[in-house]
Amino acid sequence: MVHTRQMRSRTRSHVWFERAQQSLVEGVNSPSRGSAVYAGGPIVLERGKGSRVWDIDGNEYIDFMMSFSALIQGHAHPALVLLKFEGHYHGWYDPFLLNAHTHPPERLGSIENPARIPDSEGIPSSIFDDVVLAPWNDADALERVLSQHGHELAAVITEPIMANMGCILPRDGYLQRMRDLTRDCGALLILDEVVTGFRYAPGGCQEYYGVEPDISTFGKALGAGFPVGAVAGPRSILERMRWSEKMVLHYGTFNGHRLTMKVVATNLDLLSAQNAYGKLHAVGNAAIAGLREVFRKRQVKAIVQGFGPMFQIYFTERDAIHDYRDYCKFVDTKLYARFVQKLLECGIYMTPSNGLHWIISTVHTSADVQALVEAADQACSGLS
Ligand SMILES: Cc1ncc(COP(=O)(O)O)c(C=O)c1O
């Protein structure tokens, strides 16, 4: 039975259409969508779900147009949805570009129903209909979200260590539990190792923590300064890129670029050299220990979180920062920026953004660590 809906005015649609006519021929990008067809001007749709769409005035419609039949599965079909976590950044691919920047705690919504906050202008809100957002580092919360949405998810994507809110480590067993839960509900697990890959172990964090994702992504350290990205996974999944009627496309002008591939091969040879990772961990751990000692001695309320090649300093009263909400609520990022400005004056180059992290490379030495620790000691004086 069809219910008659109480329709609101289409004022906003009219305003947007007026605006569009100043820039586009007929105010649309196909004459079949313009006022020749829609007397009084087209309706500006904002989002869709299943068979329904909503316009920007809030009117709901049952869609029988379905993007000229392109939407054979309706709008935002659950099997085409992905889950991502609060505070994680996976590049500026529209559907994942939400809740990766800090915001005042009162804007975040509840843990059960996090507010969805786009990280960029220009992303239609309908894009996020395809994404379920969950808090990170809380296995029980993940289990609850998956019990509700697991059957609709294509994949769960996570950074193994949160590297875009400083350096936030997974709680013991969290990644393993995520692996089990995603397997149980039939969603793929995508491990975003763009930041962590090749830094903790030759096999990245997945080797270090002993988790086996379905798909992993790599960038940054793989290219040792050259522009490269890689997607890895078992043959059963990557075979879907083989040319066929139902393939997943991966065209790209610079795919497999020869010079870059040569650099990657050399980089991996260097990293395979004896004890490269032992050294990365030892130098990083020495820096962490040195900084902790400085803050203890100077009685500055700061923690140094992380281990080996990645760590971050948080000026906080807390013992640890476990997730996005902790970071937004409890970290004094302005004090950190002032501290880093002082370090810059002492010849230590680092970004004042607390959201990034300290990076140890194979060329850092114990003398560099010593210089950092001395500069940190100096920077602590007059810091309040
Ligand atoms: C965890 C993570 N994933 C993906 C990306 C995107 O990488 P790119 O900037 O090379 O596209 C970044 C970039 O910083 C990142 O931190």
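This is a predicted model: local features need pLDDT of at least 70, side-chain atom pairs count only at pLDDT 80 or more; totals for chains, interfaces and linings use all residues.
Where is the place of A224 in the chain? A224 sits in the loop between β8 (215-218) and β9 (230-232).

Start with the chain. Its 384 residues include 30% that count as buried. The chain holds 10 helices and 12 strands. Along its principal axes, the C-alpha trace spans about 75 × 50 × 45 Å. Now take the contacts between residues at least 6 apart in sequence. Of these, 61% join residues at least 24 apart.

Next, the domains. The chain is divided into domain 1 (11-84 + 275-380) and domain 2 (94-271). The C-alpha centres of domain 1 and domain 2 lie 13 Å apart. Domain 1 brings 33 residues to the contact, and domain 2 brings 38 residues.

Look at the domain 1 side of that contact. Six elements each supply at least two residues there: β1 (45-49), β4 (81-85), α7 (276-298), β10 (302-307), β11 (310-315) and α8 (324-330). Which of them gives the largest share? The largest share comes from α8, with 5 residues. By class, this side of domain 1 has 17 nonpolar, 9 polar and 7 charged residues.

Now the ligand. Around the ligand stand Y89, H90, G91, E159, A163, N164, D192, V194, V195 and G219. By class, this shell has 4 nonpolar, 4 polar and 2 charged residues.

Finally, the backbone. Two residues deserve a look here. F198 is not a glycine, yet F198 has a positive phi of about 65 degrees. F198 lies in the loop between β7 (188-192) and α4 (204-209). Is F198 buried or exposed? F198 is buried, because 22 other C-beta atoms lie within 10 Å, and 20 or more are enough for that class.

A224 brings us back to the opening loop, between β8 and β9. Phi of A224 is near 45 degrees, again a positive value in a residue other than glycine. How many C-beta neighbours does A224 have inside 10 Å? A224 has 18, so A224 counts as partly exposed.

Methods. Residues are numbered from 1 along each chain as its sequence is written. Helices (H or I, at least four residues) and strands (E, at least two) are DSSP runs, numbered from the N terminus. A residue is buried if 20 or more other C-beta atoms lie within 10 Å of its own, exposed if 12 or fewer, and partly exposed in between; C-beta atoms are placed from the backbone. Domain bounds come from an automatic or database domain assignment. Two residues are in contact if their C-beta atoms, placed from the backbone, lie within 7 Å. Ala, Val, Leu, Ile, Met, Phe, Trp, Tyr, Cys and Pro count as nonpolar, Asp, Glu, Lys and Arg as charged, and the others, Gly among them, as polar. A residue is near a molecule or strand if its C-beta atom, placed from the backbone, lies within 6 Å of it.
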